[in-house]
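The following note sets out points for a colleague to consider while examining the model. Please read it alongside the sequence and the coordinates.

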Amino acid sequence: MPANLTPEYLAAEARYRAAKTDKERLAALQEMLSTIPKHKGTEKLQAEIKRKIAQLRTAPKKRGPSRLALDSIEREGAGQVALVGLPNSGKSSLLARLTNARPEIADYPFSTVKPLPGMMEFEDIQIQLVDLPPLARGYTEGWVYSHIRNADLIMVVLDLAVEDPQRDLQEVLALLEEERIRLAREASPELEGGMLVKAGLLCGTKLDLPGAREGLARLSSRDGGQGLPLVAVSARSGEGLEELKRAIFVALRIIRVYTKEPGKKPDLERPYTLPKGSTILDLAREIHQEFATRLRYALLWGSGKFEGQRVPRDHEIQDGDIVELHI
Ligand SMILES: Nc1nc2c(ncn2[C@@H]2O[C@H](COP(=O)(O)OP(=O)(O)OP(=O)(O)O)[C@@H](O)[C@H]2O)c(=O)[nH]1
Ligand SMILES: [Mg+2]
């Protein structure tokens, strides 16, 4: 059933998909409703848009800590990163430093009792970090591991100033293994020996404290981290935080792609984010299924060698490419 959607409608829908806040979502939906061709073929779609508008209008303004810990955290932004570690390792301090969230931070262990999300800006995209209660044998409840299983990336936070951060790392990995979770550089789509393989990243923190550099040397000298990337930071001084943001982006294995309408300048404000390895067709699908079915070819700028060349639908997009889709 061809709905004959107009370019104005498709543009509004693209804005809806790229929207980062409820306000932007609402504005885009309202525009979709005003530009959608009103006929029998679009009735279902119109109803769907109205339903989404109603939902956004009644949604609670801010998600506070009253939210049940058991609920999964609604994904926002280009990827979801779970902060995982032993008590007092410095997880909440990193969330506070990297996002607008205001978690409880304390010099005693077990201060975090509920999951708390926050959005981290990395260049022109937003990545969601989720602070979690600590892992500790006999203490951590099952739902904490559900959040870990749901995330796109597991960031293990290690206190570098303890006597042996390597031992802490092994403890965290052992606790995860008991829950059938294994960390690797890259997630695996299938279970491996009954284990769920998630992408992992090690973050050694409290680099400002005495002994932390020795701790870091200990952590990186033996390959106890199973080849996981390691970044050293201080939530207090801010050292290493830019590097950490980039490491998170790289470990998420996502690419940014900018779209352009024929004869216009590219939209360099709001990239689409797609999994590494995505093609022109995947981008078209992300924008709109109708784009994907009607796509004839694309012009591409970027990757150091393309300057508006015509590329086929199965061409693999690289981070930073600009694409003009032709239907
Ligand atoms: N010097 C220094 N202290 C830090 C740093 N990061 C955290 N701390 C301190 O370490 C203690 C624990 O920090 P939190 O961020 O609450 O640790 P957590 O991992 O969230 O702790 P739980 O929620 O109990 O698991 C607090 O006293 C922090 O001030 C850092 O980079 N440098
Ligand atoms: Mg905490």
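**Notes on the predicted model**

1. Serine 92 and threonine 112 are both buried, where buried means under 20% relative accessible area, exposed over 50% and partly exposed in between (1.4 Å probe, protein chains only). The two residues are the protein donors of the magnesium ion (ligand 2), through Ser92 (OG) and Thr112 (OG1), lying 2.0 Å from it. The pair links distant parts of the chain, 20 residues apart: serine 92 belongs to helix 4 (residues 91–98), and threonine 112 to the loop between helix 4 and strand 2 (116–122). Donors are N, O and S atoms within 2.8 Å of the metal (3.2 Å for Na, K and Ca); water is not among the atoms, so sites may look incomplete.

2. This is a predicted model, in which local features need pLDDT of at least 70 and side-chain atom pairs count only at pLDDT 80 or more, while totals for chains, interfaces and linings use all residues. Residues are numbered from 1 along each chain as its sequence is written, chains are lettered from A and ligands numbered from 1 in the order in which they are written, and side-chain values use heavy atoms, with hydrogens and water left out.

3. Which residues come nearest to ligand 1? Of the 22 residues around ligand 1, they are Lys91, Ser92, Ser93, Phe110 and Asp208; a residue is near a molecule or strand if one of its heavy atoms lies within 4 Å of it. Helix 4 gives the most to this shell, with three residues. Helices (H or I, at least four residues) and strands (E, at least two) are DSSP runs, numbered from the N terminus.

4. Polar contacts are pairs of N or O atoms within 3.5 Å; within protein, one must be able to donate a hydrogen and the other to accept it, and residues adjacent in sequence count only if both atoms are side-chain atoms. Lysine 91 places a polar side-chain atom 2.7 Å from an oxygen atom of ligand 1. A polar backbone atom of phenylalanine 110 is 2.7 Å from an oxygen atom of ligand 1, and a backbone N or O atom of serine 111 lies 2.9 Å from an oxygen atom of ligand 1. The protein covers 92% of the 650 Å² of accessible area that ligand 1 has on its own (Shrake-Rupley method, 1.4 Å probe; for residues, only the protein chains shown count as cover).

5. Strand 1 (residues 80–84) is largely enclosed by the rest of the structure, because five of its five residues are buried. Gln80, Ala82 and Val84 are buried on one side, and Val81 and Leu83 on the other. Four bridges join strand 1 to strand 3 (residues 125–131) in parallel, with leucine 129 as the bridge partner of valine 81. Strand 1 also pairs with strand 4 (residues 153–159) in the parallel sense over four bridges; two strands pair if DSSP finds at least two bridges between them.

6. Strand 2 and strand 3 run antiparallel and are joined by seven bridges. In their hairpin, which has two residues between the strands, glutamate 123 takes a positive phi near 50 degrees.

7. Nine of the 10 residues of strand 6 (residues 196–205) are buried. Seven bridges join strand 6 to strand 4 in parallel, and valine 156 stands opposite leucine 202. Leucine 202 also has leucine 230 in strand 7 as a bridge partner.
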